[in-house]
Amino acid sequence: MVAERTLPTSEAEDLIALVREIARDELAPKAAEHEEREVFPRDAFRLLGRTGLLGLPYPERFGGGEQPYEVYLQALEEVASAWMSVGVGVSVHVMSCYALANHGTDEQRDRWLPDMLAGDLLGAYALSEVQAGSDAAALATRAVRDGADYVLTGTKAWISHAGHADFYTLMARTSDAGARGISCFLVPGDTPGLTAGAPERKMGLTGSTTAQLHLTDARVSAQRRIGAEGQGLALALSSLDSGRLGIAACAVGLAQAALDEAVAYAKQRTQFGRPIIDFQGLEFLLADMAAAVDSARATYLDAARRRDRGLPFRRQAATAKLIATDAAMKVTTDAVQVLGGAGYTRDFPVERYLREAKVTQIFEGTNQIQRLVIARELRRA
Amino acid sequence: MNIVVLVKLVPDTYSERKLSDTDHTLDRDSADAVLDEINERAVEEALQLKEAHGGEVTALCVGPDRAVDAVRKALQMGADKAVHVSDAALHGSDVITTAKVLAKAVGTIDGVDLVIAGNEASDGRAGAVPAILAELLGLPQLTHANKVTVEGDTITVERATDDGVLHLQATLPALVSVSEKINEPRYPSFKGIMAAKKKPITTLTVADLGLDPAGVGLSGAWTAVLEAAPKPPRTAGERVEDNGDGGTKIAEYLVGQKLI
Ligand SMILES: Cc1cc2nc3c(=O)[nH]c(=O)nc-3n(C[C@H](O)[C@H](O)[C@H](O)COP(=O)(O)OP(=O)(O)OC[C@H]3O[C@@H](n4cnc5c(N)ncnc54)[C@H](O)[C@@H]3O)c2cc1C
């Protein structure tokens with residue numbers, strides 16, 4: 001079953017139709033094999049890039065699609081539904097363009113943004129470190145000013161696309177002033193002194209490379225600092241507000257895929273002489289799964305529409321990330337249940353969906369941190 | 001180079017396709033409809049020729065109102081403009097009538113150098129329209145092309161057959177029909193989607209083309225479908241136990257089915 005959507009314009013409808021076609025014909029058929037072999041699908045991003053999907057929510061004057069988040073996120077959901085690693089990758093790329101697009105000077109944007117949105121390049125977002133996960137302000141990677149450059153030294157951890165990315169939006173410490181001592185840099189992927197470690201051996205999302213990023217006296221032009229010195233953490237966190245909406249949309253896409261698989265299986269599998277969907281015990285499970293998918297979608301779309309209208313949306317984005325990723329965990333777990341023993345094997349995709357769902361509760365702020373963000377906003381209100 | 005490319009909206013081969021109970025014509029509402037894949041290849045070939053030689057690509061479609069979706073897809077891929085002949089009188093037209101209408105419609109476009117069609121639509125599968133249209137237009141026909149090259153006003157195509165590769169050559173203007181192997185069609189881009197909204201689509205009726213509505217459609221058709229039955233549901237198939245002679249058994253089965 002395809003997700004039923006309400007879209008604001010005819011071009012958005014055409015866009016979703018195009019994304020569905022590409023997802024069905026180009027992404028879905030390759031997903032299982034790439035995930036099994038743990039191969040990063042760089043070509044898939046080139047195809048999506050040529051189609052314009054790597055720049056959808058950014059202004060047309062820089063080569064973007066100038067689409068509202070309401071539309072971009074639904075396109076992203078369709079991609080993730082066919083192939084989670086690619087959906088997450090698109091979301092990470094879009095987030096990696098955020099700091100420059102929203103806080104770069106005109107000169108910086110004119111110089112770098114068009115190439116970043118054109119589709120040939122792939123970005124990464126480098127905030128986390130081994131000792132600075134949930135507590136991002138504890139990051140220790142140093143950027144020391146030296147003439148016209150900064151010299152970067154340290155190790156970023158858990159970086160999606162590490163080693164594959166053409167540029168990194170990277171947070172490093174320019175002073176010891178805690179959260180106010182961090183700055184944001186747009187670091188070219190081929191910078192001497194920048195190397196990626198061995199990929200993490202993950203439970204799921206195995207097509208998406210995650211690795212450490214080592215910086216040894218890596219020289220980055222001071223012109224590539226985005227925003228003022230000390231503004232980096234604020235930029236990183238506001239990138240995450242939008243990024244979390246992307247993860248919420250990906251989680252909904254994944255949950256939708258699991259639901260579709262479960263419903264199709266339940267219609268054709270018979271036990272006790274009847275299709276198993278005819279047993280109320282199972283039918284109610286499926287109904288709860290559908291309700292979880294629909295409500296998660298509604299939640300991220302509400303946050304997206306607030307963002308599109310220029311309203312504050314930090315709390316709503318945290319809520320959407322929390323609700324959608326918990327829904328994905330529940331729905332994928334239940335999808336395995338619906339398929340019984342078959343669901344527990346690698347011959348069916350639902351066990352992979354379950355493994356992929358788990359990480360969405362962890363990255364871009366664990367779901368405990370989402371609650372922290374929500375509570376902080378409540379206290380502030 | 002001025003290229004006209006024929007496009008058709010067909011039921012998506014991914015969805016179940018049905019004939020209507022009353023007149024055995026295609027039930028166009030029962031299935032998702034898409035631009036026929038062979039037409040995507042025709043459009044792709046037209047765009048590649050335009051990119052190499054300059055000029056303009058016009059998508060031409062005969063079909064009901066909703067066939068504008070096929071037209072739009074061609075425009076999104078990069079065609080410059082479109083002509084859409086839509087008329088209730090055309091319902092049930094056979095290949096000859098369709099070709100006559102297409103010929104008239106091609107006549108409304110100035111200075112056509114090349115007409116490109118798919119060799120066979122995935123719904124009717126008559127595979128005759130390109131040849132009939134070439135006859136009606138008095139153009140040389142280079143059908144079932146796997147490869148097209150244009151140099152000056154000479155067009156050369158390759159056609160693969162069981163016996164080898166045929167090279168066909170003609171002087172422009174000409175008509176080409178393309179095979180499935182000719183190219184991999186591009187996807188539209190989001191920019192293409194946005195640009196297509198501003199591209200002109202000329203909509204014409206049968207009367208606009210100077211044809212008599214009474215002479216087209218089901219009543220004017222030279223062929224009629226008398227009977228249609230849905231294909232039988234798929235059966236469970238035969239299971240071959242492999243006791244070391246699995247290969248032989250499969251071969252025997254295929255021989256029995258006259259497949260080898
Ligand atoms: C596959 C993958 C891809 C990733 N991609 C990126 C990337 O591209 N860029 C990037 O910068 N990072 C990335 N990350 C890192 C990710 O954002 C961090 O893993 C995440 O922020 C959690 O940090 P941590 O792993 O250090 O866990 P910790 O912070 O050590 O947390 C451990 C546990 O403690 C809980 N906890 C911590 N603090 C609190 C608190 N104050 N209150 C309540 N509970 C708390 C957490 O919720 C969690 O349950 C990625 C991670 C993964 C797994």
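The side chain of B:Thr97 forms a polar contact of 2.9 Å with the side chain of B:Asp94; a polar contact is a pair of N or O atoms within 3.5 Å, where within protein one must be able to donate a hydrogen and the other to accept it, and residues adjacent in sequence count only if both atoms are side-chain atoms. The model is predicted, so local features need pLDDT of at least 70 and side-chain atom pairs count only at pLDDT 80 or more, while totals for chains, interfaces and linings use all residues. Residues are numbered from 1 along each chain as its sequence is written, chains are lettered from A and ligands numbered from 1 in the order in which they are written, and side-chain values use heavy atoms, with hydrogens and water left out.

B:Thr97 lies in helix H3 (residues 95-107) of chain B; helices (H or I, at least four residues) and strands (E, at least two) are DSSP runs numbered from the N terminus. With 6% relative accessibility, B:Thr97 counts as buried, the term for under 20% relative accessible area, as against exposed for over 50% and partly exposed in between (1.4 Å probe, protein chains only). Leaving aside residues up to four places away in sequence, B:Thr97 touches B:Gly215, B:Val216, B:Gly217 and B:Gly220, contact meaning heavy atoms within 4.5 Å.

Elsewhere in chain B, a cis peptide bond with omega of about 0° joins B:Leu172 and B:Pro173. B:Pro173 belongs to the loop between strand S10 (164-171) and strand S11 (174-178) of chain B.

In chain A, helix H7 (residues 232-268) and helix H8 (residues 280-308) have axes that come within 10 Å and cross at roughly 155°. Axes are lines fitted to C-alpha atoms, for helices over the stretch in contact, and angles run from 0 to 180 degrees between N-to-C directions. H7(A) and H8(A) are therefore roughly antiparallel, since angles over 145 degrees count as such, those under 35 as roughly parallel, 65 to 115 as roughly perpendicular and the rest as oblique. Residues making this contact include A:Leu245 and A:Val252 of H7(A) and A:Met289 and A:Tyr300 of H8(A).
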